[in-house]
Amino acid sequence: MSKSRTNWYKYAAPANFYPLAGKLIPLFAVPTVFLFIAGMYLGFFVAPSEAVQGESYRILFIHVPAAWMGMFLYVLMAVYAGLGWAFNARLASMMATAISTTGAIFTFIALMTGSLWGRPAWGVYWVWDARMTSTLILMFLYIGFISLQSSIDDPRRADRAGAVLALVGLVNVPIIYFSVQWWNTLHQGATLTARSFKMAPSMLAAMLVMLAACWLYSITVVLMRVRCIILEREREAPWLAEVTA
Amino acid sequence: MGGYGFYVWGSYGVAFLLLGAEVVAVLKRKQAIKRSTTLGETKLETPNSKFETA
């Protein structure tokens, strides 16, 4: 029994991942709080007001990170679900389920804040433009995933059904991303590309700090939720049965 | 906010309310699990040595 090299695969077992997740949660939770405070400070006190939109553009600092998180988390959820299905890995499927709620909430925040930004910027709360419609579809995909999984009693069948839905819906994410290029549409085009950014550095800094805050927040909450899911699903397992009455 | 207060604070208000509610919901879920079983918390937080391999 060699103790000098860690066998990382052991963390694929829910019994071993549970305490690891427990140790990681505070490491992510504490920076999350500081990053949100820093991001809000940068967004409201450092970033200047905008030439055309004045102060209303500041919604950007929550709208854009939330939209990005909605998309990233969907991809992550689909990947975990796919891995859980392909390798029959319970923990991967549990992660997909844990991510779904957080992704749905961020997508809803993106839609809500986008709507509240649309009213002062465009005069309307909603239009059926390419990006907004495809983001609404993303919201429906999340709701579908969550509902589908809760409607199936057998957890492994629920995992597999969810995986099919998540993977089929994956095509929607590049559609959201490229919609502003492919279609002549109302929503603003890409400000940030691999080659340049067309916004003031202080605005970019605030947005990136808020994005980091949202990422660390997501990791914290997903780890907390997956621990709950592990306990709920592994109730009958020997490692838990030993400690429950 | 130059007259846009409702939109800006409304946005941040909804966002932080939902994120806060999410955290509370997860904490409550954990509490409910604890109440429905008699879990030994210290034993759970120790990695299960049965799964150790070389």
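**A tour of chain A by its helix pairs**

The crossing of helix 2 of chain A and helix 3 of chain A is left-handed. To see it, select residues 60–86 of chain A for helix 2 and residues 90–122 of chain A for helix 3. Their axes come within 7 Å and cross at roughly 160 degrees. Angles over 145 degrees count as roughly antiparallel, and helix 2 of chain A and helix 3 of chain A are therefore roughly antiparallel to each other. Colour the contact between helix 2 of chain A and helix 3 of chain A by residue class: 19 residues are nonpolar, 10 are polar and one is charged.

This is a predicted model. The predictor assigns the complex an ipTM of 0.88 and a pTM of 0.90.

Next, show the whole of chain A. Its secondary structure consists of eight helices and zero strands, which gives the pattern α-α-α-α-α-α-α-α along the sequence. The C-alpha trace of chain A spans about 65 × 35 × 35 Å along its principal axes. Chain A has 245 residues, of which 40% count as buried. Among contacts in chain A with a separation of 6 or more, 77% are between residues 24 or more positions apart.

Now select residues 130–151 of chain A, helix 4, together with residues 172–182 of chain A, helix 6. The two helices pack at an angle of about 165 degrees, and their axes are 8 Å apart. That angle makes helix 4 of chain A roughly antiparallel to helix 6 of chain A. Helix 4 of chain A passes helix 6 of chain A in a left-handed crossing.

Show side chains for this pair. On helix 4 of chain A, pick A:Ala130, A:Arg131, A:Ser134, A:Thr135, A:Ile137, A:Leu138 and A:Leu141. They meet A:Asn172, A:Ile175, A:Ile176, A:Ser179 and A:Val180 on helix 6 of chain A. By class, the contact of helix 4 of chain A with helix 6 of chain A has seven nonpolar, four polar and one charged residues.

Move to A:Tyr9, in the segment before helix 1 (14–46) of chain A. Is A:Tyr9 buried or exposed? A residue with 12 or fewer neighbours is exposed; A:Tyr9 has 10 C-beta neighbours inside 10 Å, so A:Tyr9 counts as exposed.

Finish on chain B, coloured by pLDDT. Its mean pLDDT is 80, and 67% of its residues reach 70 or more. Where pLDDT is low, the predicted coordinates should not be read in detail.

Technical notes:
Residues are numbered from 1 along each chain as its sequence is written. Chains are lettered from A and ligands numbered from 1 in the order in which they are written. Axes are lines fitted to C-alpha atoms, for helices over the stretch in contact, and angles run from 0 to 180 degrees between N-to-C directions. Helices (H or I, at least four residues) and strands (E, at least two) are DSSP runs, numbered from the N terminus. Angles under 35 degrees count as roughly parallel, over 145 as roughly antiparallel, 65 to 115 as roughly perpendicular and the rest as oblique. A crossing is left-handed if the near helix is turned anticlockwise from the far one by less than a right angle, and right-handed if clockwise. Two residues are in contact if their C-beta atoms, placed from the backbone, lie within 7 Å. Ala, Val, Leu, Ile, Met, Phe, Trp, Tyr, Cys and Pro count as nonpolar, Asp, Glu, Lys and Arg as charged, and the others, Gly among them, as polar. A residue is buried if 20 or more other C-beta atoms lie within 10 Å of its own, exposed if 12 or fewer, and partly exposed in between; C-beta atoms are placed from the backbone. pLDDT is the predictor's confidence in each residue, from 0 to 100.
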